[in-house]
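Hi everyone, thanks for making time today.

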Amino acid sequence: MDIKIQFGNRIRKLRENIWLSQDKLAFKSGIHRTWIGIVERGQRNLTLENIEKLAKALGISIEELFKGFK
């Protein structure tokens, strides 16, 4: 599976586990809401800065964000 799709699925799962909408994740992370959907669908690469923003918004470390990747 493409790493962008894996990452997007991971973001979606973590977001849904804490009952956050895409809009709320966008607000908390400072990433535009349309980009959250694009990322969750695995359509774009993210910068390291945006990966860090997402991890913080989800309340986890960057290492935790990538748990389970092969």
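Let me start with a question for you: is the crossing of H2 and H4 left-handed or right-handed? Take a moment to turn the view around. The crossing of H2 and H4 is right-handed. Please keep in mind that what you see is a predicted model.

Let's stay with that pair. The axes of H2 and H4 are 8 Å apart, and the two helices pack at an angle of about 115°. Angles of 65 to 115 degrees count as roughly perpendicular, and that makes H2 roughly perpendicular to H4. On the H2 side, the contact is made by Leu25, Lys28 and Ser29. On the H4 side, Lys53, Leu54, Ala57 and Leu58 take part. Sorted by class, the residues of this contact are four nonpolar, one polar and two charged.

Now for another partner of H4. Helix H1 covers residues 3-17, and helix H4 covers residues 48-58. Their axes come within 10 Å and cross at roughly 20°. Angles under 35 degrees count as roughly parallel, so H1 and H4 are roughly parallel to each other. The crossing of H1 and H4 is left-handed. If you'd like to find the contact on the screen, look for Phe7, Ile11, Leu14 and Arg15 of H1, together with Ile51, Leu54 and Leu58 of H4. By class, this contact has six nonpolar residues, no polar ones and one charged one.

Let's zoom in on Arg15, which lies in helix H1. Is Arg15 buried or exposed? Buried means under 20% relative accessible area, and Arg15 counts as buried because its relative accessibility is 8%. What does its side chain join up with through a polar contact? The side chain of Glu40 is the partner, in a polar contact of 2.6 Å. Leaving aside its neighbours within four places in sequence, Arg15 is also in contact with other residues, including Leu20, Ser21, Gln22, Leu25 and Leu58.

Glu40 takes us to helix H3, residues 33-40. The buried residues of H3 are Ile36, Gly37, Ile38, Val39 and Glu40. Which helices do these buried residues pack against? They pack against H1, H2 and H4. And what follows H3? That is Gly42, with a positive phi near 75°.

That's my tour, and I'm happy to turn the view again for anyone who would like another look.

Notes: Residues numbered from 1 in each chain as written. Predicted model: local features only at pLDDT ≥ 70, side-chain atom pairs only at ≥ 80, totals over all residues. Heavy atoms only, no water. Axes fitted to C-alpha atoms, helices over the stretch in contact; angles between N-to-C directions. Helix = DSSP H or I, 4+ residues; strand = E, 2+ residues; numbered from the N terminus. Parallel < 35°, antiparallel > 145°, perpendicular 65-115°, else oblique. Left-handed = near helix turned anticlockwise from the far one by under 90°. Contact = heavy atoms within 4.5 Å. Nonpolar A, V, L, I, M, F, W, Y, C, P; charged D, E, K, R; others polar. Buried < 20%, exposed > 50% of the residue type's maximum accessible area, 1.4 Å probe, protein only. Polar contact = N/O pair within 3.5 Å; in protein donor to acceptor, adjacent residues only side chain to side chain.
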